[in-house]
Amino acid sequence: MAAPLDADAEGGHRPNYPPKSPPPPKRPVEPPRPEGNTAVSAVAVRPRLAARIANRRAANWTLENAPWTPGKAARHVVGKLAEWGYRLETGKEAGITEVTVLLTRAALTDDGRRISLHLADQDHQALILLLSHQSGRAPEDEDLLREVTGRGVVSCGTDTDQEDGGRRRWALIDLGG
């Protein structure tokens with residue numbers, strides 16, 4: 001029969017207290033992440049389309065649907081162009097005012113509570129963009145575009161954004177040298 005092991009006889013030391021346990025984790029353990037394709041991760045999300053003006057000076061204003069809004073919008077545009085250093089002749093300033101008023105009046109006819117006016121410049125040209133924020137409207141008739149084109153703009157247009165709702169009207173104006 002074998003003799004019981006004696007810790008002292010083998011040169012080791014037998015502790016007279018239990019071993020120290022590790023401290024608890026400071027934050028809870030993260031549950032395992034799901035693997036593979038789940039129903040939630042399989043859905044493709046398309047980014048919302050929006051008007052985007054990038055890499056140039058720009059300004060924007062939110063205006064209410066009121067009788068004085070077209071004049072106020074024109075003052076904003078002419079004032080900001082002057083602030084950016086454009087010295088406009090009287091005829092050019094009047095043309096910009098007329099175009100802004102025409103686009104603003106058309107946006108107000110969509111019967112929304114507000115409209116957005118956006119202005120940007122690049123290479124001595126100014127982009128005036130108005131958003132009506134009203135969905136479900138029919139496409140713009142050609143009368144507005146003919147009237148705006150008659151004011152000496154480089155380009156103009158209108159479109160309806162079905163995703164975001166609302167109509168965009170814009171004109172590109174040459175500011176001169």
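Predicted model: local features only at pLDDT ≥ 70, side-chain atom pairs only at ≥ 80, totals over all residues.
Strands of a sheet pair through backbone hydrogen bonds, in either the parallel or the antiparallel sense.

The pairings can be followed across the sheet. E1 is joined to strand E2 (residues 114–122) by 8 bridges, in the antiparallel sense. Asn 60 stands opposite His 118 of E2. E2 and E3 also run antiparallel, with 7 bridges between them. Here Ala 120 has Leu 127 of E3 as its bridge partner. The hairpin of E2 and E3 has 2 residues between the strands. Within this hairpin, Asp 123 adopts a positive phi near 50°. E3 is in turn joined to E5 by 7 bridges, again antiparallel. Leu 130 is bridged to Arg 169 in E5. Strand E3 is mostly covered, with 5 of its 7 residues buried.

H2 contains 19 residues. The distance from its first C-alpha to its last is 27 Å, close to the 27 Å expected at 1.5 Å a residue. The buried residues of H2 include Gly 95, Ile 96, Val 99, Thr 100, Leu 103 and Ala 107. Val 101, Leu 102, Thr 104, Ala 106 and Leu 108 are also among them. The cover over these buried residues includes strands E1, E2, E3 and E5. Helix H1 (69–83) and helix H3 contribute to that cover too.

Ser 132 sits in the loop between E3 and H3. Its relative accessibility is 1%, so Ser 132 counts as buried, the limit being under 20%. Two polar contacts involve its side chain. One joins Ser 132 to the side chain of Asp 110 at 2.9 Å. The other runs from the side chain of Ser 132 to the backbone nitrogen of Arg 167, at 3.1 Å. Beyond its neighbours within four places in sequence, Ser 132 is in contact with Ala 107, Asp 110, Arg 114 and Ile 115, among others. Gly 166, Arg 167 and Arg 169 are also included in this set of contacts.

Asp 110 and Arg 167 also pair with each other. They form a salt bridge whose closest N and O atoms are 3.3 Å apart. This pair links distant parts of the chain: Asp 110 is in the loop between H2 and E2, Arg 167 is in strand E5, and the two are 57 residues apart. Both Asp 110 and Arg 167 are buried. Salt bridges with shared partners bring Asp 110, Arg 167 and Arg 169 into one network.

The structure holds 7 salt bridges. Side chains of opposite charge can pair when their charged atoms come close. Another of the salt bridges connects Glu 98 and Arg 151, with 2.8 Å between the closest N and O atoms. Glu 98 belongs to helix H2 and Arg 151 to the loop between H3 and E4, so the pair ties together parts 53 residues apart in sequence. Glu 98 is partly exposed, at 37% relative accessibility. Arg 151 is likewise partly exposed, at 33%.

A further salt bridge lies within one helix. The side chains of Lys 80 and Glu 83 meet at 3.1 Å, N to O. Both residues are in helix H1, 3 residues apart, which is about one turn of the helix. An α-helix has 3.6 residues a turn, so residues three or four places apart point the same way.

Note on methods
Residues numbered from 1 in each chain as written. Heavy atoms only, no water. Pairing = 2+ DSSP bridges. Helix = DSSP H or I, 4+ residues; strand = E, 2+ residues; numbered from the N terminus. Buried < 20%, exposed > 50% of the residue type's maximum accessible area, 1.4 Å probe, protein only. Polar contact = N/O pair within 3.5 Å; in protein donor to acceptor, adjacent residues only side chain to side chain. Contact = heavy atoms within 4.5 Å. Expected span 1.5 Å × (residues − 1). Salt bridge = Lys/Arg side-chain N within 4 Å of Asp/Glu carboxyl O.
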